[in-house]
Amino acid sequence: MATGKDLMALLPHLSDLIKREPVNVSKIVADAIRTKGVKKILSELEKELKGLNDIAMDVLSSLAVGRHVLIMGPVGIGKTTLAETLAEILHISEPPYIEVACHSHMTATELTGDIDIAVALQAGLDHPLAYIPGPLVMAHGGILILDEINRLNPYSQAALLQVLQEHYVFIRGFRIRSDFLMIATSNPAEYSGVYELSEALADRMKVVEIPYPDKDLLKTILSWKSNMYLEHLGLKAPDTLAEVTATFMTLVAQDSNIEVGPSIRSAIFAITTAMSRAWLEGREVSLNDLKREIISNMVNVIRGNFANEAEKKDYLARKFDEAVMMYRRYSRR
Amino acid sequence: MGIVIDPAQVVIKVLSKVYEYLKEDPRVIRPGSVRSFEFAVNDVMMRIMLEGGVDYERFKDIVTRVGIENLYLSVETTNPDEKRKILEEAFRRAFEELESNEGETETAAQVTGFNVDTGNRFEGSSGRGRENDSERASRVSGNIGSGFGSDYSAEEGRELIVGRSLSANINERSGDARLDSLISTIYEILYSGVGTVNFLNLAQLINMFVDPYANIVEKVQVLRKMEPYLRNYGLLPSDIRRSREGERVFEALRNIVRSAMSGMGQVKVVRFTDIDKYPTYVVSVREYKVGDNYFDVDLQRTAMNLSRKIMMHKLFTNRDIVVKEYANVKVIDIVLCLDVSGSMRELSNGMPKIEIAKDAVAQYIHFLSRTSDKLAMVLFNFRADILWSLHPVRRYWRQMIYMLKYVYAGGGTNLANALERSREILTRSRSNSKHVICVTDGRTVNSSMCIKEAVRLRRGGTTISTIAIGENSDDELLMRLSKIGGGLFIKISSIHDLGKALIMDKLHSM
């Protein structure tokens, strides 16, 4: 493919960036939806995520009218995957989306990019390495995914806000046009290490919440995903595991002691690691395997009213036994 | 169902009611911004269109849910945990009031009607033609009568017309019809493209109407016809006519300034030519006769002879001075690649660089008109094209100078393409001495391709010289090109030295 020299040619020059024209991104999205068809988009999404069609429609509709979206939901429920998959399916630009993993020590220049004075002195301001554009500039004409936007500190929020309201990024006095649609993801406010979004920024976004799936949906997701991960081992997770895990998760999530419930991701990996453990030892998987893996996979995910780790582990074990009991009673009937 | 109610109106009514309730509610601190309400309306409508057919219950559900999603971050309540509940309540009350006002059945009927029509629109038009789609759109808009749907279809119709006219422009490229569509073509060039990529240079423009390898006289005719259009669109420096008619004083003044300036510029020449390997045209050597030109003397051999004589303490005579003898007719085919990228528009001492470059090239053409060389000209910005192919300068220099006057600058820089074009031109030439000169003031894209093209040119027996102007040029690349090409690399700090540099290059190859 591209060699080193060609890659340099791909980098934008500052002079070209300044000459950028405004782009109506929402119209491009609407056209993309129109040519693809809603049904096709949803069926493509179905390959990645199940049970989020309604949420996806909410995201699509707001993108098509030029409203930025904030996808909110607990850890491991598929917020980022949803954003990425939708952007990938719409594919309105090349690359289909620019993604930023936000963190609390992010600076504004990290988002916008800055002029490297040493390079500028040596090679001129227009050298592609003199100004390496940040994600806010690169996302022009496309979709910007801000992962965990609630971890963004107020300083970088200000930089983001400026682009959203003025559609221009200012780099040392150079004005660069940047139109894009933003899909942000965020955990609900009760998680630690988060900043409040500034009012003006929050006002520019619509919130789409991903609810915790109900037990039946959870079960289908678990068995589908874990089978997907086990495919290369030639294994198939028995239905029992998914059923028990789903029961366990709903039990824990409904418990008032728990602040942060077990994530779907950790549940999937609990099942798959139990399966692969059994595969390594060359025997059939048992519920005891699952119990051990669930504890080790979820112990640092869930948060709640616990004095120490041991208590948490004990609690998980207890809940798991309860879930197994419920499952047995249910299946006998 | 006689009365037509636009669902957008329903949504707007609901949302304005919601706003009222939120304002009255004591638990609410801020009832939400106008922007979020505006987006809520748009979003709800888009959502319904995406969904296809929905019944009244679903419609209510969507309005409530999408509305809350849009307002959630904008509305502020005393207790954040209650926010969702308060919003839901406001929506419910708004719907209740609306239903009691208008009667539920009517609204429901209208809403479903709207949705059944628009339902088809988003179901994926990939299989069907675009025309079909727009037809359907207009039918839909006819049914709804007003509001969102009609807006959409109108927009689409406009697009279609534009698209057709564009395709018409592209298809009709024969005879005078070509020139008639010039206006729109030029408009397209100037206003549809984003400056850099789509900006056509003069050569590309001319070659849209005539074969690139056509005789220069033919090209001049095309250019004559295009002239008024070029002027209308501001592609000509306005003083072409004026300077021809008068204002000689200004011209003279400018020349004085220019020549004063040119003394200050620095010219750096790097020679990559190996004297023995450089294609020379020496046919034989002979003894000196009175009247021979002094630079025809073969210094190496003469020096050898002289030192030998001195060592042997003999007098030396005319016979010891060796003179090179050239073939009678020597034709070099020269391709001049001139950079017409946007950076050439910059001023240098009060004159655009491109104008100075044109002057220099004109000077060069005058110089060449005394030889029997052939000259071709390639203009390159983001693309390169042939302004004129190889023509004997002695015969056609007037046409060349005429065409040169209309060269304008704009766009990016792509040297590789220029070299490719030069190679195409030179493959048609039968001469055994071929030379390419590249004049550029900037950095090119795709430099690895440049090297490849240079190697190819060199394999075909062509020599390459490069002239770099100013500080921004990619000297390293240009020097490599001249090294590969076995020509000169000339670095001039100011464009005013271009004339000098071109002639220097020419003299060197003699």
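In chain B, helix H14(B) is followed by B:His313, whose phi is positive, near 55°; helices (H or I, at least four residues) and strands (E, at least two) are DSSP runs, numbered from the N terminus. The structure is a predicted model, in which local features need pLDDT of at least 70 and side-chain atom pairs count only at pLDDT 80 or more, whereas totals for chains, interfaces and linings use all residues. Residues are numbered from 1 along each chain as its sequence is written, and chains are lettered from A and ligands numbered from 1 in the order in which they are written. Helix H14 of chain B covers residues 299-311, and its 13 residues should span 18 Å at 1.5 Å a residue, which agrees with the 18 Å between its end C-alpha atoms; the expected span is 1.5 Å times one less than the number of residues.

Also in chain B, helix H1 (residues 7-24) and helix H2 (residues 34-51) pack at an angle of about 145°, with their axes 10 Å apart. Axes are lines fitted to C-alpha atoms, for helices over the stretch in contact, and angles run from 0 to 180 degrees between N-to-C directions. The crossing of H1(B) and H2(B) is right-handed; a crossing is left-handed if the near helix is turned anticlockwise from the far one by less than a right angle, and right-handed if clockwise. On the side of H1(B) the contact is made by B:Pro7, B:Ala8, B:Val11, B:Ile12, B:Leu15 and B:Tyr19, and on the side of H2(B) by B:Phe37, B:Ala40, B:Val41, B:Val44, B:Met45 and B:Ile48, where two residues are in contact if their C-beta atoms, placed from the backbone, lie within 7 Å. By class, this contact of H1(B) with H2(B) has twelve nonpolar residues, with no polar and no charged ones; Ala, Val, Leu, Ile, Met, Phe, Trp, Tyr, Cys and Pro count as nonpolar, Asp, Glu, Lys and Arg as charged, and the others, Gly among them, as polar.

In chain A, H3(A) and H5(A) pack at an angle of about 130°, with their axes 7 Å apart, which makes H3(A) oblique to H5(A); angles under 35 degrees count as roughly parallel, over 145 as roughly antiparallel, 65 to 115 as roughly perpendicular and the rest as oblique. Here A:Ser26, A:Val29, A:Ala30 and A:Ile33 in H3(A) meet A:Leu60, A:Leu63 and A:Ala64 in H5(A), and the residues of this contact divide into six nonpolar, one polar and no charged. Helix H12 (residues 215-230) and helix H13 (residues 239-254) of chain A pack at an angle of about 135°, with their axes 9 Å apart, so that H12(A) is likewise oblique to H13(A). The crossing of H12(A) and H13(A) is right-handed, and residues of the contact include A:Leu218 and A:Leu222 of H12(A) and A:Ala242 and A:Met249 of H13(A). The residues of the contact of H12(A) with H13(A) divide into five nonpolar, five polar and four charged.

An open sheet of five strands in chain A has the order S2-S3-S6-S1-S7, with parallel pairing; two strands pair if DSSP finds at least two bridges between them. Strand S2 (97-101) and S7 of chain A stand at the edges, each with a single partner strand, so one side of each is left without a neighbour in the sheet. The twist averages 20° from one strand to the next. Strand S1 (residues 68-72) of chain A pairs with S7(A) in the parallel sense over five bridges, and A:Leu70 stands opposite A:Val207 in S7(A).

The loop between helix H6 (79-90) and S2 of chain A holds A:Pro95, and the peptide bond from A:Glu94 to A:Pro95 is cis, with omega near -5°. A:His91 has its place in the loop between H6 and S2 of chain A, and its phi is near 45°, a positive value in a residue other than glycine.
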